[in-house]
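Student: Hi! Could you walk me through this structure?
Tutor: Happy to. Let's open it up.
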Amino acid sequence: MNAIGIDVGGTKCLGVLVDSDANILAWVRKPTPSTEGLIDTLQEIVQELGAAPTIGIGLPGLITPGGVMQAAPNLKNVVELPVATELEKRCGQKVHVENDATSATYAEWKFGAARGATDAAFVGLGTGIGAGFVAGGCLQRGAHGYAGEIGHMVVQVDGLECVCGLRGCWERYASGWALGNFAGGVAGEIVAQRAADGDAKMIEVVDVFSKWVAIGLANLANIIDPEVIVIGGGVIESSAVFMPVVQKWFGRLLYSAQSRTHPRLESAQLGERAGAIGAALLGASM
Ligand SMILES: [Zn+2]
């Protein structure tokens, strides 16, 4: 059965129409509007994708099981926005709403790099850090829908100010934004290219950044002990430069590293489409 899924990002919304094997039959991309216009944009995307029995939405931030977006640091002025209810009124059908990283986790678990794992985690290093995990063969949402917000795990006391209002959050040190920050504004692709070409300064940037990534991954592995951690996010996932360095630091920072089985670190397979595909699949599974 076909399903519609929409991933709402900080700058763009990606909508897909997928079949039950997660093949993309159609897609629509639109800029993310101000919060006031969000429901309008979601409705337009649904209409452009055509009819489907189910609709799933992946949203950034804290999402309740009832589909209310309570807070979203990367979207302006979000306070208690009942996305599921409002879109249901417009579309006349049930709408299922999830956290965007939870949606991406589900897609990578069902059809991507974590396929077949009973215990797995997904960490997406974008503007911020989105994450989710599967434990004992079940996607984990937590008691209130907030599980996986490890981007806001404090890793540096009184560190860099975060968009969430705290200081020293992991995403200030290990996101795509952080990579650009360490590189003095040089874009991630350029950092990777120059490091591959032997530029000593950029090799150092890759090492510092990868160590921060590994710190959070080791913390995560110590908490949930997954078989595999899937790492997503543009540059990091597509470049061969970062993963070996992250792997090196991860192997050193993991608790009792010499005498344990290590989780596998894998690059994400579904890329930027993972959130939308996962939202569609989760909507269809409800
Ligand atoms: Zn934060």
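Student: Which residue of strand 4 stands opposite Ile4?
Tutor: Ile4 stands opposite Ile55 in strand 4. Strands here are DSSP runs of E with at least two residues, helices are H or I runs of at least four, and both are numbered from the N terminus. This is a predicted model, where local features need pLDDT of at least 70 and side-chain atom pairs count only at pLDDT 80 or more, while totals for chains, interfaces and linings use all residues. Residues are numbered from 1 along each chain as its sequence is written.

Student: Do strand 1 and strand 4 run parallel or antiparallel?
Tutor: They run parallel, joined by four bridges. Two strands pair if DSSP finds at least two bridges between them.

Student: What about strand 1 and strand 2, parallel or antiparallel?
Tutor: Strand 2 (residues 12-18) pairs with strand 1 in the antiparallel sense, over six bridges. A hairpin of three residues links the two strands, and Asp7 stands opposite Leu14 in strand 2.

Student: Is strand 1 buried or exposed?
Tutor: Six of the six residues of strand 1 (residues 3-8) are buried, so the strand is largely enclosed by the rest of the structure. Buried means that 20 or more other C-beta atoms lie within 10 Å of a residue's own; 12 or fewer is exposed, in between is partly exposed, and C-beta atoms are placed from the backbone.

Student: Which way do the residues of strand 1 point?
Tutor: Ala3, Gly5 and Asp7 point one way, and Ile4, Ile6 and Val8 point the other way. In a regular strand the side chains alternate between the two faces of the sheet.

Student: Changing topic: which residues touch the most other members of the largest nonpolar core?
Tutor: Ile6, Ile57, Ile229, Ile277 and Ala280 do, in a core of 89 residues. Helix 7 (residues 200-224) gives the most to this core, eleven residues. A nonpolar core is a set of buried Ala, Val, Leu, Ile, Met, Phe, Trp, Tyr and Cys residues joined through C-beta atoms within 7 Å.

Student: And what are the domains?
Tutor: The assignment gives domain 1 (3-103 + 273-285) and domain 2 (116-268); such bounds come from an automatic or database domain assignment. The C-alpha centres of the two domains lie 25 Å apart.
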